[in-house]
Amino acid sequence: MTSEQLFSYFPQLSDTQKEQFERLPQLYELWNNQINVISRKDIDQLFERHVLHSLGIAKVMPFLPGEKVLDVGTGGGFPGIPLAIMFPETDFFLVDSIGKKIKVVQEVASALGLENLRAAHSRAEQVNEKFNFVVSRAVTRLKEFHPWIKNKYTKQSKNTLPNGLLYLKGGDLSEEIAESGLKVKQYYLKDFFKEEFFDTKQVIYVKG
Ligand SMILES: C[S@@+](CC[C@H](N)C(=O)[O-])C[C@H]1O[C@@H](n2cnc3c(N)ncnc32)[C@H](O)[C@@H]1O
């Protein structure tokens with residue numbers, strides 16, 4: 001996927017945002033050589049598999065200026081970094097339990113001049129702040145994940161959905177949703193993006 005194909009899904013992007021997205025492959029190339037945060041074959045598909053996938057959350061939830069978002073288990077910065085580029089007036093806090101991954105996030109964010117992003121080496125359970133939304137991808141099953149973050153929401157909701165979790169998931173989720181005992185709303189990314197990669201990908205919303 002080229003940057004132009006990526007941008008075609010988001011016609012409102014400013015020149016600054018486009019430039020930030022365009023710098024990502026080079027920055028990850030550089031950092032991935034030192035600290036492996038993305039598999040080698042995925043680096044070639046960074047725009048589709050990491051950037052656009054992360055931005056699936058943007059299609060479901062237009063974060064507002066001043067809202068606070070926590071990315072749990074961000075790894076090299078997904079979905080947090082693409083979302084922080086997309087919503088420059090929303091505050092993002094990215095955490096991961098592996099410190100060297102957070103180093104990559106901090107380096108990439110600082111190279112891009114992302115002032116709305118903080119990152120910390122921390123387990124989700126140890127974060128002592130409240131947020132409007134929690135986002136995540138590929139960390140663990142909902143049943144295990146949900147207890148970590150269920151008390152981390154601010155009371156007042158301002159957005160199109162009440163404060164809650166937006167979790168990127170793929171495949172058949174019926175068993176995982178049933179075992180969690182949670183009431184979820186499923187958004188299918190194939191409704192937004194035409195690439196085959198998104199055929200089974202979803203954003204799962206759980207009210208906070
Ligand atoms: C498979 S990686 C996914 C990384 C990133 N979200 C992505 O999609 O590219 C899962 C990450 O979750 C982190 N992780 C697992 N349990 C965690 C916890 N309790 N708190 C914070 N991070 C956690 C791991 O260190 C790892 O970096």
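This is a predicted model: local features need pLDDT of at least 70, side-chain atom pairs count only at pLDDT 80 or more; totals for chains, interfaces and linings use all residues.
Visitor: Which residue in S4 stands opposite Val-69?

Guide: That's Phe-133. Residues are numbered from 1 along each chain as its sequence is written.

Visitor: How do you know that strand S1 and S4 pair?

Guide: Two strands pair if DSSP finds at least two bridges between them. Strand S1 (residues 68–72) is joined to S4 by 4 bridges, so the two pass that test, and they run parallel. As for the word "strand", it's a DSSP run of E with at least two residues, while a helix is a run of H or I with at least four, numbered from the N terminus.

Visitor: Why is strand S4 called largely enclosed?

Guide: Count neighbours: a residue is buried if 20 or more other C-beta atoms lie within 10 Å of its own, exposed if 12 or fewer, and partly exposed in between, with C-beta atoms placed from the backbone. In S4 (residues 133–137), 5 of the 5 residues are buried, so the rest of the structure largely encloses the strand. Phe-133, Val-135 and Arg-137 point one way, Val-134 and Ser-136 the other.

Visitor: What makes S3 and S6 edge strands?

Guide: The open sheet has 7 strands in the order S3-S2-S1-S4-S5-S7-S6, with mixed pairing. Strand S3 (117–121) and strand S6 (185–188) each have a single partner strand, so one side of each has no neighbour in the sheet. S6 pairs with strand S7 (residues 202–207) in the antiparallel sense over 4 bridges, and Lys-185 stands opposite Tyr-205 in S7.

Visitor: How do you know that Val-203 is buried?

Guide: Val-203 lies in strand S7. There are 24 other C-beta atoms within 10 Å of Val-203, and the cut-off is 20 or more, so it counts as buried. Contact has its own rule: C-beta atoms, placed from the backbone, must lie within 7 Å. Beyond neighbours within four places in sequence, Val-203 is in contact with residues including Gly-56, Leu-166 and Tyr-187.

Visitor: Which peptide bond is cis, with omega near 10°?

Guide: The one from Phe-78 to Pro-79. Pro-79 lies in the loop between S1 and helix H5 (80–86). In general, most residues other than glycine have a negative phi, and most peptide bonds are trans.

Visitor: How do you know that the radius of gyration agrees with a compact globule?

Guide: The radius is taken over C-alpha atoms, and the globule rule is 2.2 Å times the number of residues to the power 0.38. With 208 residues, the rule gives a value near 17 Å; the protein has 16 Å, so the two agree.

Technical notes. Two residues are in contact if their C-beta atoms, placed from the backbone, lie within 7 Å.
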